[in-house]
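Keep the sequence and the model in view as you read.

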Amino acid sequence: MRLLIFYNAKQITLDVISLKAQNTGRGGLANKGGIAAEVNVNSSTRLAFLTAHLEAHEGAAKYAMRCSTIADIFRGTASSVTDCRCDASLVSHFTFFMGDLNFRTKLTEYEAGSQEHISATHELAGNEDWEALNKHDELSQALRQKDCLVGFNTPLCLFPPTFKVLRQAGYNYNKKRSPSYTDRILYHTSHRLSGKIKPLLYEPIDDFTSSDHKPLR
């Protein structure tokens with residue numbers, strides 16, 4: 001994994017407070033896990049950026065593992081700006097959590113990963129039924145049930161699912177997988193600052209062709 005932070009040095013100052021990583025792959029491998037960076041902007045506003053790559057595949061066990069892995073990442077990258085071991089979202093004015101989170105579309109009337117489930121999700125994507133896909137999105141469910149990322153927000157995905165696509169422009173999905181919103185950006189604000197952040201744009205990059213995911217901005 002890699003985390004790059006860009007800023008305009010002519011407009012702001014930015015100081016890196018800490019940079020940490022937590023591996024969560026099998027046997028401690030770094031193919032899964034997260035990176036956390038805490039920065040100070042203009043010596044007055046503290047931002048935290050976390051990127052993660054979570055466990056893949058469908059099913060209740062994989063969903064539970066993704067939720068528990070997020071907790072592991074926050075624990076393993078606890079902030080060092082206070083004496084208590086608080087995660088970065090508790091000591092930053094604004095926190096952004098992003099990456100290939102691998103949460104899937106989950107239609108309750110079908111067995112996860114079954115051909116019926118795959119066909120139904122492909123039909124929803126083909127009909128551009130973003131409302132239904134958001135309704136059955138595992139990450140949205142996790143936020144509602146407070147299974148992970150409590151206090152975080154994310155805009156609705158009013159665009160095609162970003163996974164699993166063929167490596168070409170546009171949205172041609174792998175016929176053996178359920179189209180899902182695996183790639184996400186979430187944000188968290190500290191007390192009384194919710195009105196200080198306003199998403200201006202939330203969309204995938206349609207013409208990105210070097211992955212079976214479409215990245216978000």
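Q: In which helix is H122 found?
A: This is a predicted model, where local features need pLDDT of at least 70, side-chain atom pairs count only at pLDDT 80 or more, and totals for chains, interfaces and linings use all residues. Residues are numbered from 1 along each chain as its sequence is written, and side-chain values use heavy atoms, with hydrogens and water left out. Helices (H or I, at least four residues) and strands (E, at least two) are DSSP runs, numbered from the N terminus. Residues 115–126 form the helix that holds H122, and that is α3.

Q: Is H122 buried or exposed?
A: Buried means under 20% relative accessible area, exposed over 50%, and partly exposed in between (1.4 Å probe, protein chains only). H122 has 17% relative accessibility, so H122 counts as buried.

Q: Which residues does H122 touch, not counting residues up to four places away in sequence?
A: Contact means heavy atoms within 4.5 Å. With residues up to four places away in sequence set aside, H122 touches Y173, N174, K175, R177 and P179.

Q: Which residues of α3 are buried?
A: What covers the buried residues of this helix includes α4 (130–135). H122 is on the list of buried residues.

Q: How far apart are the end C-alpha atoms of α3?
A: The expected span of a helix is 1.5 Å times one less than its number of residues. For the 12 residues of α3 this should give 16 Å. The value agrees, because the end C-alpha atoms are apart by 16 Å.

Q: What pattern does the chain follow along the sequence?
A: The chain has 5 helices and 5 strands. Read along the sequence, they give β-β-β-α-α-β-α-α-α-β.
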